[in-house]
Amino acid sequence: MLGTSEPMNRRIISSLIVSSLMCAAGYAALFIAPDERTMHDAQRIFYFHLPSWLAMFLALFVSVFGNISYLFTRKQAYDWLGVAGAELGVVCCTIGLVTGPLWGKPAWGIWWTWDARLTTTFLLWLLYIAYLLLRSMVEEADRRARISAVFGIFAFLDVPLVYVSNRFWRTQHPTPVFFGGPNAGVDPTMGKVVLLCFAAMVAVMTVLLLNRYHLERLRCEVSLLTSEAESHDLDRQSRLAREHV
Amino acid sequence: MRNFPYLLAAWIAVWVVFFLYQISLSRRFSQLLDEIKRLKERLR
């Protein structure tokens with residue numbers, strides 16, 4: 001998956017850690033976490049739904065850090081970090097948007113409703129899709145990095161809105177179980193399982209983020225080699241022309 | 001086992017999203033590595 005330069009043992013160790021965390025999280029979510037009295041098995045969706053949102057927030061923080069740092073330093077590495085975080089954010093957001101309705105249907109009786117939490121989240125997904133589309137439309141690297149950094153910061157403005165949406169407004173979506181006020185909270189076993197699932201999700205996300213970053217670095221290498229090859233071809237053509245004369 | 005189909009669907013959805021993303025990354029990696037190989041040969 002990664003380039004040939006990465007040491008093999010590092011890849012094996014990281015794969016082992018991620019796989020074991022995922023297996024442990026899956027087992028804990030399905031067999032260790034206690035059964036919820038009203039929703040039963042559907043409530044176990046919580047163990048991938050919540051960690052996917054937390055991982056998304058983390059990925060988008062990485063992205064906006066890359067965007068802001070790029071605008072200050074103009075270092076390409078920050079642009080790569082920005083796009084890697086944004087793409088992973090979209091992946092985690094997609095998981096959240098798919099698992100949410102699958103939990104909502106048995107819990108609320110509806111798949112979807114346009115309440116503040118769901119709408120701001122859907123908007124966030126659309127904004128980051130737009131960010132990725134925007135990048136694919138600009139050819140020149142510096143211009144692409146600059147425009148997408150500005151757009152990335154603008155898109156990130158929706159993140160705090162998503163976070164506060166079910167705290168400030170009455171929504172179909174329940175109020176947060178963590179940091180949600182005096183009545184919030186979950187069973188201690190559920191809390192531990194969710195923490196484990198979050199660790200697994202973050203581990204997967206980190207591996208994918210590093211891969212995506214590496215991909216962008218390779219893309220930069222390709223564009224450098226392309227311009228080098230073009231000038232090389234021009235040199236050869238002029239040399240041949242001189243020899244001909 | 002009440003509401004199990006929803007749990008199963010969500011479980012599958014998570015894996016499908018990760019799997020598709022992994023495939024997309026691998027495809028882009030191999031395209032770029034091929035391109036690098038081709039360009040290095042052109043520069044030789």
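Predicted model: local features only at pLDDT ≥ 70, side-chain atom pairs only at ≥ 80, totals over all residues.
Two residues are in contact if their C-beta atoms, placed from the backbone, lie within 7 Å.

Local features need pLDDT of at least 70 and side-chain atom pairs pLDDT 80 or more, while totals for chains, interfaces and linings use all residues. Residues are numbered from 1 along each chain as written, and chains are lettered from A and ligands numbered from 1 in written order.

## Fold and dimensions

Chain A has 7 helices and 0 strands. Helices are DSSP runs of H or I, at least four residues; strands are runs of E, at least two; both are numbered from the N terminus.

The C-alpha atoms of chain A fill a box of roughly 90 × 40 × 30 Å along the principal axes. Of its 245 residues, 34% count as buried (20 or more other C-beta atoms within 10 Å of a residue's own, C-beta atoms being placed from the backbone).

## Packing of α1 and α7

Helix α1(A) spans residues 8-32 and helix α7(A) residues 188-244. Their axes come within 9 Å and cross at roughly 150°. The axes are lines fitted to C-alpha atoms over the stretch in contact, with angles from 0 to 180 degrees between N-to-C directions. That makes α1(A) roughly antiparallel to α7(A) (angles over 145 degrees).

The contact includes A:Leu21 and A:Met22 of α1(A) and A:Leu196 and A:Cys197 of α7(A). Its residues divide into 17 nonpolar, 2 polar and no charged. Ala, Val, Leu, Ile, Met, Phe, Trp, Tyr, Cys and Pro count as nonpolar, Asp, Glu, Lys and Arg as charged, and the others, Gly among them, as polar.

Key
Parallel < 35°, antiparallel > 145°, perpendicular 65-115°, else oblique. Buried ≥ 20, exposed ≤ 12 C-beta atoms within 10 Å, placed from the backbone.
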